[in-house]
Amino acid sequence: MDVYARPFDPKRPLVCFDESNKEQHIEVITPLPMEQGEPERFESTYERNGVSNLFMFFAPLHNWRAVKVTTRRTNADWAECMRDLVDRYFPDAEQVVVVQDNLSTHTPAALYSAFAPAEAKRIWDRLEFHYTPKHGSWLNMAEIELSVLSRQCLDRRIPDQEALKHETAAWVERRNTAKATIEWRFTTADARIKLKKLYPTLKPSE
């Protein structure tokens, strides 16, 4: 919460990072087009066509997000996302402050497994990680953005990964152009009340 309360600093952008997936479905019967008095109609059955992974980058103070669609969700895929952060999205930043959950792939070790040591250290030196607590992934604003993406773009059948990339790119462009962001109101003081059980209990010294 204290990280979210930091003032805007273009040299140290705050980026929330999360991941999800989308199962792709192919229509087995061509839908009936919309007609006067009749909505577009779809057959209830479909053919499954694999699952794609979605990496969400969300910088709330920049009113910016990006979605990267991949086939897998491995150490190497996460490491490439971190390299994108420092080299592609925020090349002028001194450090990128990253909020993410505690998945086993979200560690400096993943950088070293994906890149040569010098390259892994170069990327690691440009990052500052903050992890959401166990069972507290909802504290990551990227999770909210993924929910918006799901409601506005992914709540329908998408046949393949190329179509998924096209649709998510169009959603990102619209949302970035609108400078949409999240009005975050949950503070450290709120956390000390709502998440009281997560804080240690201090006993007075005898």
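**A covered strand and its surroundings**

Modeller: Strand E4 is mostly covered, since five of its five residues are buried, where buried stands for under 20% relative accessible area, exposed for over 50% and partly exposed for what lies in between, using a 1.4 Å probe on protein chains only. This is a predicted model, in which local features need pLDDT of at least 70 and side-chain atom pairs count only at pLDDT 80 or more, while totals for chains, interfaces and linings use all residues. Residues are numbered from 1 along each chain as its sequence is written, and side-chain values use heavy atoms, with hydrogens and water left out.

The cover of E4 extends to both of its faces: Val-96, Val-98 and Gln-100 are buried on one side, and Val-97 and Val-99 are buried on the other.

As for its neighbours, E4 (residues 96-100) runs parallel to E1, and three bridges join the two; one of the bridged positions is Val-99 of E4, the partner of Cys-16. E4 also runs parallel to E5, to which it is joined by five bridges, and there Val-97 has Glu-128 of E5 as its bridge partner. Two strands are said to pair if DSSP finds at least two bridges between them.

These pairings belong to an open sheet of five strands, in the order E3-E2-E1-E4-E5 and with mixed pairing. Its edges are E3 and E5 (127-131), each of which pairs on one side only. Averaged over the sheet, neighbouring strands are turned by 30° against each other when direction is ignored.

Further along the sheet, helix H5 lies across E1, E2 and E3, and runs at about 175° to E3; such angles go from 0 to 180 degrees between N-to-C directions, with axes fitted to C-alpha atoms and, for helices, over the stretch in contact. H5 spans residues 161-177, which amounts to 17 residues. Gln-161, Leu-164, Thr-168, Trp-171, Val-172, Arg-175 and Asn-176 are its buried residues. Seen down the axis of H5, these buried residues fall within an arc of 125°, so they line one face of the helix; the arc is taken from the directions of the C-beta atoms as seen from the axis. The face of H5 turned away from the buried side carries Glu-162, His-166, Glu-173, Arg-174 and Thr-177, which are exposed.

What covers the buried residues of H5 includes E1 (14-27), E2 (46-59) and E3 (64-70), together with helix H4 (141-152). Thr-168, which lies in H5, shows this in detail: at 2% relative accessibility, Thr-168 counts as buried. Leaving aside neighbours within four places in sequence, Thr-168 is in contact (heavy atoms within 4.5 Å) with Leu-54, Val-67, Val-69, Leu-149, Cys-153 and Leu-154.

Asn-63, in the loop between E2 and E3, has a phi near 55°, a positive value in a residue other than glycine, and Asn-63 is partly exposed, with a relative accessible area of 24%. Just after H5, Lys-179 takes a positive phi of about 55°; Lys-179 sits in the loop between H5 and helix H6 (188-194) and is exposed, with a relative accessible area of 57%.

To place all this in the whole chain, the secondary structure comes to six helices and five strands, which follow the pattern β-β-β-α-β-α-α-β-α-α-α along the sequence. Of the 206 residues in the protein chain, 39% are buried. Among its contacts between residues at least 6 apart in sequence, 72% join residues at least 24 apart.

How values were computed
Helices (H or I, at least four residues) and strands (E, at least two) are DSSP runs, numbered from the N terminus. The expected span of a helix is 1.5 Å times one less than its number of residues.
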